[in-house]
Amino acid sequence: MAGRPTDRELVIILSEFFLDTETDYAYLARATRDINLPHIETALLEWVAPVLWGAYFATTPEWAGYDPDWLWQEAQAKIRQVENAGSCMKGLLAARRKVLAWLLKEAWNEFLSARKALPPVVVAA
């Protein structure tokens, strides 16, 4: 993957937060370096976490990775859910986002630290 990842690629990258392996925050920071933080946060909390949050509590969690096609299809359903939500549902989705942000706070902070540790991008003249 060269340059800015597509939203599909971003969803697959962010799914690594939910694997039962040690999270490589440096990799996540490098892979998402060209994407602004608000977009990453939205993708994580509104597209990926609602699909995979159960992995945090699973007795047999996933460690090899999620099927990219399945994951993207499920993430697209979450995107549509947000886009088509009425006012009552928007409130429930906002509450879900806050709960997921709270659950992922430690991991998100590790990711932010890894992003800050990245060397500056040198642009060729």
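**From a surface tryptophan to the core**

Mentor: Tryptophan 53 is partly exposed, with 42% relative accessible area; on this scale buried is under 20%, exposed is over 50% and partly exposed sits in between, using a 1.4 Å probe and protein chains only. Keep in mind that the model is predicted, so local features need pLDDT of at least 70 and side-chain atom pairs 80 or more, while totals for chains, interfaces and linings use all residues. Residues count from 1 along each chain as its sequence is written, and side-chain values use heavy atoms, leaving out hydrogens and water.

Where does tryptophan 53 sit? You'll find tryptophan 53 in the loop between α3 and α4. Those labels are DSSP runs numbered from the N terminus: helices are H or I with at least four residues, strands are E with at least two. Together with Tyr56 and Phe57, Trp53 makes a nonpolar surface patch of about 340 Å². Patch members have over 30% relative accessible area and no salt bridge; nonpolar side chains (Val, Leu, Ile, Met, Phe, Trp, Tyr) are joined within 5 Å, and like charges within 9 Å. The areas come from the Shrake-Rupley method with a 1.4 Å probe, and for residues just the protein chains shown count as cover. A salt bridge, in turn, is a side-chain nitrogen of Lys or Arg within 4 Å of a carboxyl oxygen of Asp or Glu.

Now step inside. The largest nonpolar core has 34 residues, and Leu14, Phe17, Phe18 and Leu44 have the most contacts inside it. A core here is a set of buried Ala, Val, Leu, Ile, Met, Phe, Trp, Tyr and Cys residues joined through side-chain atoms within 4.5 Å. Two or more residues come from each of α1, α2, α3, α4 and α6 (105–117), and α3 gives the most, with 9 residues. Take leucine 44: setting aside neighbours within four places in sequence, its contacts (heavy atoms within 4.5 Å) include Leu14, Phe17, Phe18, Leu104 and Trp108.

The structure holds 3 aromatic pairs. One of them joins phenylalanine 17 and phenylalanine 111 edge-to-face, 6.1 Å centre to centre and with 70° between the planes. That pair links distant parts of the chain: phenylalanine 17 is in the loop between α1 and α2, phenylalanine 111 is in helix α6, and they are 94 residues apart. Both are buried, phenylalanine 17 at 4% relative accessibility and phenylalanine 111 at 0%. The ring centres of tryptophan 108 and phenylalanine 111 are 5.2 Å apart with planes at 40°, so this pair is tilted. For the rule itself, rings of Phe, Tyr and Trp (its six-membered ring) pair if their centres lie within 6.5 Å; planes under 30 degrees apart are stacked, over 60 edge-to-face, and the rest tilted. Tryptophan 108 and phenylalanine 111 share helix α6, 3 residues apart, about one turn of the helix. Tryptophan 108 is buried too, at 13%. Ring pairs link Phe17, Tyr25, Trp108 and Phe111 into a cluster.

Threonine 23 counts as buried at 17%.

Last, the charged ties. How many salt bridges are there? The count comes to 3. Arginine 97 bridges to glutamate 41, with the closest N and O atoms 3.9 Å apart. Arginine 97 lies in helix α5 (residues 87–103) and glutamate 41 in helix α3 (residues 37–52), so the pair ties together parts 56 residues apart in sequence. Glutamate 46 bridges to arginine 97 as well, at 2.5 Å between the closest N and O atoms; this pair links α3 with α5, 51 residues apart. Glutamate 46 is buried at 19%, whereas arginine 97 is partly exposed at 21% and glutamate 41 partly exposed at 29%.

Elsewhere, aspartate 69 bridges to arginine 8, with closest N and O atoms 2.4 Å apart. Aspartate 69 is in helix α4 (residues 68–83) and arginine 8 in helix α1 (residues 7–14), so this pair joins parts 61 residues apart in sequence. Aspartate 69 is exposed at 52%, and arginine 8 is partly exposed at 28%.
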